[in-house]
Amino acid sequence: MFKDMFGTAAMRAVFDDRATVRRYVETEVALARVQGRLGVIPAAAAQAIAARADAEAIDLARLAHETEIVGYPILPLVHQLAPQCGPEGEYLHWGATTQDIMDTATVLQVREALAIIEADLAALDEILDGLAERYRDSPMAGRTHLQHALPITFGYKAAVWLLMVRRHRERLAQLKPRVLIGQFGGAAGTLASLGDEGLAVHAALMKELGLAEAPVTWHVARDGLAETVQFLALITGTLGKIAVDVMLMMTNELAEAFEPFVKGRGASSTMPQKRNPISCELMWAASKTVRQHAGLALDAMLQDFERATGPWHLEWSCIPESFVLTAGALNQARFMLAGLEVDTARMRRNLDLSGGLIVAEAVMMGLAPHIGRQTAHDVVYDACRQAATHGLPLADVLHADPAVSSKLDRQAIDRLCDPGNYLGAAPHMVDRLRQQAHG
């Protein structure tokens, strides 16, 4: 019931059992093919393996049963694959070890999965760029410690979200060369079983699969895959932050922005008025779950000697689950932000809730050249307390204070107390960020 709420069909298809078996077979066939070209195995055997090996014919139920017995899927896979290839199947898996096939298949899956993440980030970038542009000059309350702080614009808020997405896209480009590296080292990583041909086979295999080479076998150097999961945790962390912002803005007390309206979405079984932030809740949950997987991926780096006794197994769970959850969260974010309902009038009313207190800093800085900054701070602080206590507009309290009215006329005080006049560089920051993408 929940699979399309926490994931996507496209990402599940990258990591499901049949797809995983296809990647195993793809790696075994590629190995045979390059070994045939190099004369490591007979060319006729390589051709037969390439022609006859059929991942779709693998009995998954049998494979699962035998995997539980062996502890790993590659030996049971070879037991099914070799007979498919006839006598030439004896040359299958030549000089390889189980981890070579599984790691390389995982990297092939990661490459495919990252392409999906890359497309989702690009789409999210476009959505947020549009929000930043559309609401560049729409004032709202900026909040620190959940209290009114200073005015910002909603476009500025969207630009802050966009900044993180842009950095994730940059991280992804930098990540690929460190992660998309195949594995082929043999039993202890030294390629000893292939003699002088080991490195040549290694190079040819990676070229065949379109993966980069590592100068030394990385059986127990798991930082690349760990970095991948940390990257996914960063993405979902950003989506979780966006979700928290929108959930808070959806509260009845703020009512500044809402997830897209779809009849029945976010409804309550007992309270007909409810419009719950469903996409945000799913994004928030995904961020927390992927964060836990990020910790598991770091634990998986603590491998003993040249082949580990168990930490590797953590990756079998945390890598696919992290990708599925991240894809699901990105899908929810795209839906939610593309149709986000923004109430700029309510934002403005909320901005005025404090009767000008939100721009107390503006008044202080406007008064400072006349009476000094610290004195201005104290004068405005007292005025703020009086305005808050008696429910008066800050401008009225300031005008009644001779320390202020003797230096600033009513027009100047009103101008300083208008939140729309104290947006700082927020709109220009939006422009700068948007220009980076287009420049």
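Asp245 counts as buried in the predicted model, at 13% relative accessibility. Asp245 is paired with Lys241 in a salt bridge whose closest N and O atoms are 2.8 Å apart. The two residues are separated by about one helical turn, because they stand 4 residues apart in helix α10. Lys241, at 36% relative accessibility, counts as partly exposed.

Arg62 is partly exposed, its relative accessible area being 35%.

Arg222 and Glu315 form a further salt bridge, with 2.7 Å between the closest N and O atoms. Arg222 is located in the loop between α9 (198-209) and α10 (223-249), whereas Glu315 is in helix α12, so this pair ties together parts that are 93 residues apart in sequence. Arg222 counts as buried at 1% relative accessibility, and Glu315 counts as buried at 6%. The count for the structure comes to 27 salt bridges. A network of salt bridges links Asp125, Asp129 and Glu133 with Arg166, Arg169 and Arg434.

Helix α12 (residues 312-338) also holds Ser322. Ser322 is buried, with 0% relative accessible area. Beyond its neighbours within four places in sequence, Ser322 is in contact with Val229, Leu232, Val290 and His293. Cys318 is likewise buried, at a relative accessible area of 0%, and Cys280 counts as buried at 0% relative accessibility. A search of the whole structure for disulfides returns 0.

The protein is divided into three parts: domain 1 (9-96 + 193-217), domain 2 (97-183 + 221-351 + 430-438) and domain 3 (357-417). The centres of domain 2 and domain 3, taken over C-alpha atoms, are separated by 42 Å. Ala13 is part of helix α2 (residues 9-15) and is partly exposed, with a relative accessible area of 37%. A distance of 9.6 Å separates the C-alpha atoms of Ala13 and Ala113, which are 100 residues apart along the chain.

At the surface, Met1, Phe2, Met5 and Phe6 make up a nonpolar patch, and their accessible area together is about 470 Å². Of these residues, Phe2 is placed in the segment before α1 (3-6).

Key
Residues numbered from 1 in each chain as written. Predicted model: local features only at pLDDT ≥ 70, side-chain atom pairs only at ≥ 80, totals over all residues. Heavy atoms only, no water. Patch = residues over 30% accessible without salt bridge, like charges linked within 9 Å, V, L, I, M, F, W, Y side chains within 5 Å. Areas by Shrake-Rupley, 256 points an atom, 1.4 Å probe, with all protein chains shown as cover. Salt bridge = Lys/Arg side-chain N within 4 Å of Asp/Glu carboxyl O. Disulfide = S-S within 2.5 Å. Buried < 20%, exposed > 50% of the residue type's maximum accessible area, 1.4 Å probe, protein only. Contact = heavy atoms within 4.5 Å. Domains from an automatic or database assignment.
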